[in-house]
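Trainee: Could you take me closely through one part of this structure, starting with a single side chain and its surroundings? I would then like to hear how other parts are put together.

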Amino acid sequence: MTDRLRRGLEADIANGGARGVQACVWRRGQGVFEWFAGRASPSAAMRAETAVLWMSAGKPVTAVALGTLVDAGRLDWDDPVSEWVPGFEQNGKEAITVRQVLTHTGGFRAAAVDYPADDWPTIQRKVNAARLEPGWVSGERAGYHVHTGWWALGAVVEACGGEGFAAYVRRAVLEPAGMTRTWVTMPPEVHDTLHKRGLFAAMPDTSDRVEGWKPTGTETKAWCTNVRPGGNAYGPASDLLRFYRLMLDESTVGGHACGTLDGARVLHEATARQLVDRHRDGLMDRTFRHVMDWGLGFMLDSKHQQRDGQTAPYGYGPHASRDAFGHGGSQCSVGFADPAHGLAGAIFWNGQPGEAVHQKRLHAAMAALYEDLGLA
């Protein structure tokens, strides 16, 4: 049923853009595609259970963790970040809210963080010291905050949740969602065990298409085990699929999240819907240089916002409905759900070939998936 998608993924391994691939798709409560191939590392084949790096595709996990605190009555989306993180108010940031950080309208994209050399307390101090960008009106101007906003949100989770970021996310989101093979900030012993068992994907730089393994540094223990809420989620693609099944009511076409999967509730339905509603509509993103819409931590389909044939980066292809939501990871991954079609999926490419090449292969993969399923 998904021959074109599979052939495209096979071709990407063959042409050197990726060393390996994991992909899985469900539609209306049924698995329709699960495939893995190639290499996870120079010494290990890619397997279904291999832990792969989601990069920014893991950001919505942090958003859902914040949603559980909203459900508990501890947090409001419009709370100033400085209410929870003393020191964040420095340099013009005192009025920036949790909602504005989640929609990338806060305005503090730059901070002098040296990751992973800096430890978590040092990172927090440096993000607190970041300056509001000149002329930026928070909530009215948009620009993707690659990392800074997510370190701030991680600090909110800790302060509001009353425990360490990784521990709270594990207990409140990953375990009840059945995502037990996923870590956002990996314990050192888990890192060691995955390496010994050959279940860790060491993502290479494939931009030169040369055979071999050019490391990106993301496989190091320091990268995996330091706190990076917006960039070091590791787990199999099947767990990322579970996350989007959680965020999708699989029983009805056109239904959004009920926050429950396999009988386990992670979010109240109203909160799940808030996360994927349009909170940012029609704003030019000054990082991506495209008009892009946003939920609370989720990228929303923005084809209707594009002009002159432009395609927004990290989108969901030409056939996704306007209600599609998810998040991509830098040159390597995508997780998404499309309520209009009862569809959820996750794809991981083990190899970063450069932005232009990745955008082309992502667009082609999403197009092939919808065409294979008769949804074009």
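Mentor: At 15% relative accessibility, Q331 counts as buried; buried means under 20% relative accessible area, exposed over 50%, and partly exposed in between, with a 1.4 Å probe and protein chains only. This is a predicted model, so local features need pLDDT of at least 70 and side-chain atom pairs count only at pLDDT 80 or more, while totals for chains, interfaces and linings use all residues. Residues are numbered from 1 along each chain as its sequence is written, and side-chain values use heavy atoms, with hydrogens and water left out.

Q331 sits in the loop that runs between strand 12 (325–329) and strand 13 (333–338); helices (H or I, at least four residues) and strands (E, at least two) are DSSP runs, numbered from the N terminus. Leaving aside residues up to four places away in sequence, Q331 touches Y314, G351, Q352, P353, G354, E355, H358 and R361, where contact means heavy atoms within 4.5 Å. With G354 there is also a polar atom of the Q331 side chain lying 2.7 Å from the backbone nitrogen.

Now to helix 12 (residues 355–372), where E371 is found. The side chains of E371 and R4 meet in a salt bridge, 3.9 Å from N to O. This pair links distant parts of the chain, 367 residues apart, with R4 in helix 1. A salt bridge here is a side-chain nitrogen of Lys or Arg within 4 Å of a carboxyl oxygen of Asp or Glu. E371 is partly exposed at 29%, and R4 is partly exposed at 39%.

Helix 1 (residues 3–14) also holds D3 and R6, which are three residues apart and therefore separated by about one helical turn. They form a salt bridge with the closest N and O atoms 3.6 Å apart, and D3, R6 and E10 are linked in a network of salt bridges. A search of the whole structure finds 18 salt bridges.

Helix 6 is worth a look too. Twelve of its 14 residues are buried, so helix 6 is largely enclosed by the rest of the structure. Among the buried ones are W150, W151 and L153, and the cover over the buried residues includes helix 2 (59–71), helix 5 (120–128) and helix 7 (165–174). Helix 6 (residues 148–161) should span 20 Å, and its end C-alpha atoms are 20 Å apart, which agrees; the expected span is 1.5 Å times one less than the number of residues. After helix 6 comes G162, with a positive phi near 80°. Further along, the side chains of E163 and R171 meet in a salt bridge at 2.6 Å, N to O. E163 is partly exposed at 25% relative accessibility, and R171 is partly exposed at 45%.

Conventions. Polar contact = N/O pair within 3.5 Å; in protein donor to acceptor, adjacent residues only side chain to side chain.
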